[in-house]
Amino acid sequence: MRFAKGHGTENDFVILPDPDGELQVTEETVRLLCDRRAGIGGDGILRVVRTSALGETLAPAARTAERAEWFMDYRNSDGSIAEMCGNGVRVFARYLLHAGYVRGDRFEVGTRDGAKGVVIEPDGDVTIDMGRVERQGTSSAKLARQVVHGAQISVGNPHLACEVEGPVADVDLSELPELDAEAFPQGANVEVYTETSPGVLEMRVYERGSGETRSCGTGIVAAAAAATPEGEGATWRVRVLGGECTVYLDASGARLSGPAVIVAEGETVLV
């Protein structure tokens, strides 16, 4: 099985090229490939498949993905399926260019949250149109050593973005957060953030299905949206453990911009 490895602000992925949709990617396969000791290692899997090869399997929310030639079939490291992955789309887009599957600096990528516009910036960063960000009220989460409160945010997938006092490095994210099951029946990513200077946030994240990761693109957008007064636009630089991204918020939705790198290619005999 051919593979590549890439990351966006150190949120890393195993990339599986499967243009014609021939691979059977099971939960067990995903867990093995993502294992950092027994496998290749990654926060998730990006299967690169032509949208046309998926036939009638696309859910209604993903129907606009049909206009994109390539579909990002994203799986968390535990094998579960996620609706959207912001860093994953950037890495996926970088791989499409690297592999010669697309040309030019503007194209679309299909996801389970629909088609996402991509722009390759002159400096090499990748900007993704993340679409509309929805505020859905407030909630709380019990962490290992504290309870945090924040905004329920949908960026195609569910988030609880919580502003905290003091450095985010002091927050214990070693355990699975306990969430309100009624508010988050499918679970959620939990972000803790603080504004360190005007227009700059620091953030950490516990990702549903992956644990604490070095970065989370949709989480970065969720934190920026939670930090912005409702109905207003803003530009935020968001610093995570693996680097920094920029979020642009306006009436049309959110755009996420940051680096995306392909670091290796090869063939695995794991599956």
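**A chat about the model**

Me: Let's start with asparagine 11. Which residues is it in contact with, leaving aside its neighbours within four places in sequence?
Reply: Asparagine 11 is in contact with Gly6, Asp43, Asn87, Glu207, Thr213, Ser215, Cys216 and Gly217, once its neighbours within four places in sequence are left aside. Keep in mind that this is a predicted model.

Me: OK! Where does asparagine 11 lie, then?
Reply: Asparagine 11 lies in strand E2, which covers residues 11-17.

Me: And is asparagine 11 buried or exposed?
Reply: Buried: asparagine 11 has a relative accessible area of 1%. Anything under 20% counts as buried.

Me: Nice. Where is cysteine 85 placed?
Reply: Cysteine 85 is in the loop between strand E4 (70-76) and helix H2. With a relative accessible area of 4%, cysteine 85 is buried. Not counting residues up to four places away in sequence, cysteine 85 touches Phe13, Met72, Tyr74 and Thr218.

Me: And where is cysteine 216 found?
Reply: Cysteine 216 is in a loop too, between strand E14 (211-213) and helix H3 (217-227). Cysteine 216 counts as buried, at 2% relative accessibility. Beyond its neighbours within four places in sequence, cysteine 216 is in contact with Asn11, Asn87, His159, Asn189, Met203, Val205 and Glu207.

Me: Back to that cavity. How many cavities of 30 Å³ or more does a search of the whole structure find?
Reply: The search finds 1 cavity of 30 Å³ or more. About 80 Å³ of space lies in the largest cavity.

Me: How would anyone spot empty space inside a model?
Reply: Rolling a probe the size of a water molecule over the atoms shows where empty space is left.

Me: Got it. How many residues line the largest cavity, and which lie nearest its centre?
Reply: The lining has 13 residues, and Asn76, Met84, Asn157, Asn189 and Glu207 lie nearest the centre. By type, the lining residues are 5 nonpolar, 6 polar and 2 charged. E4 and H3 each supply at least two residues of this lining.

Me: What does UniProt list as "binding site"?
Reply: In the unreviewed UniProt entry, "binding site" takes in Asn11, Asn76, Gly86, Asn87, Asn157, Asn189, Glu207, Arg208, Gly217 and Thr218. Of these residues, the lining of the largest cavity includes Asn11, Asn76, Asn157, Asn189, Glu207, Arg208, Gly217 and Thr218.

Me: Tell me about threonine 218. Which helix is it in?
Reply: Threonine 218 is in helix H3. Threonine 218 is buried, with a relative accessible area of 1%. Its contacts, leaving aside neighbours within four places in sequence, are Met84, Cys85, Gly86, Met130, Val155, Asn157, His159 and Asn189.

Me: How many residues of H3 are buried?
Reply: H3 is mostly covered, with 10 of its 11 residues buried. Among them are Gly217, Thr218, Gly219 and Ile220.

Me: Let's switch to H2. How many residues does it have, and how far does it reach?
Reply: H2 runs over residues 86-98, which makes 13 residues, and reaches 19 Å from its first C-alpha to its last. That is close to the 18 Å expected at 1.5 Å a residue.

Me: Why is H2 called largely enclosed by the rest of the structure?
Reply: Because 11 of the 13 residues of H2 are buried. Gly86, Asn87 and Phe92 are among them. After H2 comes glycine 100, whose phi is positive, near 80°.

Me: One last thing: what about glutamate 212, where is that placed?
Reply: Glutamate 212 is in strand E14. Glutamate 212 is partly exposed, with a relative accessible area of 32%. Glutamate 212 and serine 174 are 38 residues apart along the chain, and their C-alpha atoms are separated by 7.5 Å. Not counting residues up to four places away in sequence, glutamate 212 touches Leu173, Arg204, Val205, Tyr206, Glu207 and Leu241.

Me: Thanks, that helps!

Terms used: Residues are numbered from 1 along each chain as its sequence is written. This is a predicted model: local features need pLDDT of at least 70, side-chain atom pairs count only at pLDDT 80 or more; totals for chains, interfaces and linings use all residues. Side-chain values use heavy atoms; hydrogens and water are left out. Helices (H or I, at least four residues) and strands (E, at least two) are DSSP runs, numbered from the N terminus. The expected span of a helix is 1.5 Å times one less than its number of residues. Buried means under 20% relative accessible area, exposed over 50%, partly exposed in between (1.4 Å probe, protein chains only). Contact means heavy atoms within 4.5 Å. On a 1 Å grid over the protein atoms alone, a cavity is a set of points where a 1.4 Å probe fits but cannot get out, and a pocket is an open set with protein on both sides within 12 Å along at least five of seven lines; lining residues have an atom within 4 Å of a point. Grid points are joined across faces, edges and corners, and a volume is the space filled by probe spheres set on the points. Ala, Val, Leu, Ile, Met, Phe, Trp, Tyr, Cys and Pro count as nonpolar, Asp, Glu, Lys and Arg as charged, and the others, Gly among them, as polar. UniProt positions are given in the numbering used here, feature names are shortened, and annotations may be inferred rather than shown by experiment.
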